[in-house]
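Subject: Structure handover

Hi,

Here is the structure I promised to pass on. Please open it and keep it beside you while you read my notes.

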Amino acid sequence: MSAHLHGRSAGPHVDLLRPDKRSDEWTVLKGLLPFVWPAGRPDLRLNIALAFVVLVLAKLVTILVPIIFKYVTDWMTAERSAAAAADSASGLAYLISLAIIAYGAARVLAMVFNQIRDVLFTKVGQNAVRQLNNRTFQHLHKLSLRFHLE
């Protein structure tokens, strides 16, 4: 079996094939990190960084929409004189329509950011799955014939 599978490689290594009773989520994450942040693949690392930036943008859009609505609602409910209220009635209807359209646009923008993130991370995920599949396939081929016949 390869040294990498048995944890004999240089540096700290987590043996994913033989987890002990003390292993937890952090141990699994440490073991999978080299597959998600692959050394020698700057293209995949760039995709991960871009996907993270797009994730943050999507979350910012999602968080800012209710905050902006709060300010718009506060502005619409502020006390005004009767003359100013009469003048701003059409402006108020316009503002309400604009707020509804802006809400829809923000929701679509958040979905677009999420889709972009998924597209950027797809190549990374496929690379990780391919590496894990190859590693498992090599491990199975190195097992004895008796293992396969039993």
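Helices (H or I, at least four residues) and strands (E, at least two) are DSSP runs, numbered from the N terminus. By that rule, the protein chain has six helices and zero strands. From the N terminus on, the order is α-α-α-α-α-α.

Two notes on the source. This is a predicted model, where local features need pLDDT of at least 70 and side-chain atom pairs count only at pLDDT 80 or more, while totals for chains, interfaces and linings use all residues. Residues are numbered from 1 along each chain as its sequence is written, and side-chain values use heavy atoms, with hydrogens and water left out.

**Whole chain**

Buried means under 20% relative accessible area, exposed means over 50%, and partly exposed is in between (1.4 Å probe, protein chains only). Of the 150 residues of the protein chain, 17% count as buried. Contact means heavy atoms within 4.5 Å. Among contacts with a separation of 6 or more, 61% join residues 24 or more positions apart.

**The core**

A nonpolar core is a set of buried Ala, Val, Leu, Ile, Met, Phe, Trp, Tyr and Cys residues joined through side-chain atoms within 4.5 Å. Which residues make up the largest one? There are nine: A51, V54, A58, V61, V65, A106, A110, F113 and L120. Helices α3 and α5 each supply at least two of this core's residues. Helix α3 gives the most, with five.

Look at V65 next. Leaving aside neighbours within four places in sequence, V65 is in contact with Y103 and A106.

**The aromatic pair**

Y103 also belongs to a ring pair. Rings of Phe, Tyr and Trp (its six-membered ring) pair if their centres lie within 6.5 Å; planes under 30 degrees apart count as stacked, over 60 as edge-to-face and the rest as tilted. A search of the whole structure finds one aromatic pair. The ring centres of F69 and Y103 are 5.6 Å apart and the planes are at 40°, so this pair is tilted. The pair links distant parts of the chain: F69 sits in helix α3 (residues 42–77) and Y103 in helix α5 (residues 89–142), 34 residues apart. Are these two buried, exposed or partly exposed? F69 is partly exposed, at 27% relative accessible area. Y103 is partly exposed too, at 39%.

**One more residue**

I67 is found in helix α3. I67 is partly exposed, with a relative accessible area of 39%.

Best wishes
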